Amino acid sequence: MKRNLNRCVVGVRALVAAVLTLTASGGTALAGSSGYLTDNDKIPSPSYVMTSPPVTFAGGYQIHSFFDIFTEISRVSPPPAPQPGGTSSRIDSFFDVFTELRVGLNGLPPGQPVIIGGRQTIQTTFSSASPGLRTFDTEMLQLNLQGLPNGAMIRESPTRASLGRFMIRESPTRLPGNFQIDSFFDVFTELSLDGGQSWIPADNAMRLQGVLPEPASLAAGAAFACVALRRARRNVA
């Protein structure tokens with residue numbers, strides 16, 4: 001079983017590294033807009049892509065591209081509106097994510113994209129609701145990425161808040177989806193070159209925009225679902 005799992009993961013990583021331009025089924029990207037149409041309102045978005053300029057660090061290090069993939073089975077429904085007089089409604093979600101990024105080290109141009117697994121924690125808090133629109137404040141509380149070239153590591157800053165927003169517009173007349181989603185995070189990162197003993201804070205935030213996954217990322221999601229199932233079986237045994 002271990003051999004089959006390894007073969008599955010290797011094959012999926014090769015698919016994710018391919019450059020594809022097709023849109024995944026179940027949703028439609030909106031031309032001229034950062035949002036997309038979908039048939040469900042789960043959080044977070046299935047994928048996030050870096051839309052900001054390169055993230056820079058002291059010493060000439062840079063993050064040139066960043067692409068996050070969340071498996072469908074890990075996404076959850078947003079928190080409901082609180083009852084009158086009640087406290088704010090929020091949920092903390094924990095994810096195994098699949099990340100593809102390009103990093104420039106030692107002042108050199110970035111090489112080929114690196115595909116690694118990582119952990120993320122996202123907090124979602126209900127903000128407001130009006131007819132046809134729900135808004136949620138989000139914060140990335142944890143991001144840990146290892147396995148980069150030269151043993152480099154990236155994490156979300158423990159001292160600077162990485163805030164975002166998730167907006168759901170309900171529009172039953174739109175096809176193929178009933179929901180228009182607009183989502184983003186402004187993530188402050190830190191870079192370690194010595195196995196986590198010291199960290200270099202980023203000079204600027206990384207804007208991650210919620211997007212629809214490409215077909216290759218759906219395959220990646222299947223692989224992570226397989227890994228998650230394996231872990232669950234191991235914990236039960």
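Predicted model: local features only at pLDDT ≥ 70, side-chain atom pairs only at ≥ 80, totals over all residues.
Of the 36 residues that make up the largest nonpolar core, F66, I154, M206 and L208 touch the most other members. A nonpolar core here is a set of buried Ala, Val, Leu, Ile, Met, Phe, Trp, Tyr and Cys residues joined through side-chain atoms within 4.5 Å, with "buried" meaning under 20% relative accessible area, "exposed" over 50% and "partly exposed" in between (1.4 Å probe, protein chains only). Leaving aside neighbours within four places in sequence, F66 is in contact (heavy atoms within 4.5 Å) with Y48, V49, M50, T99, E100, L101, L143, L145, M206 and L208. In soluble globular proteins, nonpolar side chains tend to be buried together.

Now for the rings. Four aromatic pairs turn up, where rings of Phe, Tyr and Trp (its six-membered ring) pair if their centres lie within 6.5 Å, and planes under 30 degrees apart count as stacked, over 60 as edge-to-face and the rest as tilted. Y48 and F70 make an edge-to-face pair, at 6.0 Å centre to centre with 75° between the planes. This pair links distant parts of the chain, with Y48 in strand 3 and F70 in strand 5 (residues 61-70), 22 residues apart. Strands (E, at least two residues) and helices (H or I, at least four) are DSSP runs, numbered from the N terminus. Y48 counts as buried at 1% relative accessibility, and F70 does too at 4%. F126 and F136 are also edge-to-face, at 5.7 Å centre to centre and 80° between the planes. Here F126 belongs to strand 7 and F136 to strand 8, ten residues apart. F136 is buried with a relative accessible area of 0%, and F126 counts as buried at 14%. Ring pairs also link Y48, F70, F95 and F185 into a cluster. Elsewhere, the charged end of R207 sits over the ring of F184, 4.0 Å from its centre; the rule asks for NZ of Lys or CZ of Arg within 6 Å of the ring centre and within 35 degrees of the ring normal.

Two strands pair if DSSP finds at least two bridges between them. Strand 6 and strand 7 run antiparallel and are joined by twelve bridges, with F98 standing opposite G117 in strand 7. Strand 7 and strand 8 likewise pair in the antiparallel sense over twelve bridges, and T125 stands opposite D137 in strand 8. Strands 7 and 8 form a hairpin with two residues between them, and G132 in the turn has a positive phi of about 80°.

On to the charges: side chains of opposite charge can pair when their charged atoms come close. The structure holds seven salt bridges, each being a side-chain nitrogen of Lys or Arg within 4 Å of a carboxyl oxygen of Asp or Glu. One of them joins R134 to D41, with the closest N and O atoms 2.8 Å apart. The two sit 93 residues apart, R134 in strand 8 (residues 133-145) and D41 in the loop between strand 2 (36-38) and strand 3 (47-50). Both ends count as buried, R134 at 19% relative accessibility and D41 at 16%. D41 and R134 are also linked with E170 in a network of salt bridges.

R119 pairs with D96, the closest N and O atoms being 3.0 Å apart. R119 is in strand 7 (residues 114-130) and D96 in strand 6 (residues 90-104), 23 residues apart, and R119 is partly exposed, with a relative accessible area of 39%. D182 forms a salt bridge with R169, at 2.9 Å between the closest N and O atoms. D182 lies in strand 11 (residues 179-187) and R169 in strand 10 (residues 162-170), so the pair ties together parts that are 13 residues apart in sequence. D182 counts as buried at 13% relative accessibility, whereas R169 is partly exposed at 33%.

A cis peptide bond joins I43 and P44, with omega of about -10°, and P44 is placed in the loop between strand 2 and strand 3. G35 lies in the loop between strand 1 (27-29) and strand 2 and counts as buried at 5% relative accessibility. G35 and S183 are 148 residues apart in sequence and 7.3 Å apart in space, C-alpha to C-alpha.

Notes. Residues numbered from 1 in each chain as written. Heavy atoms only, no water.
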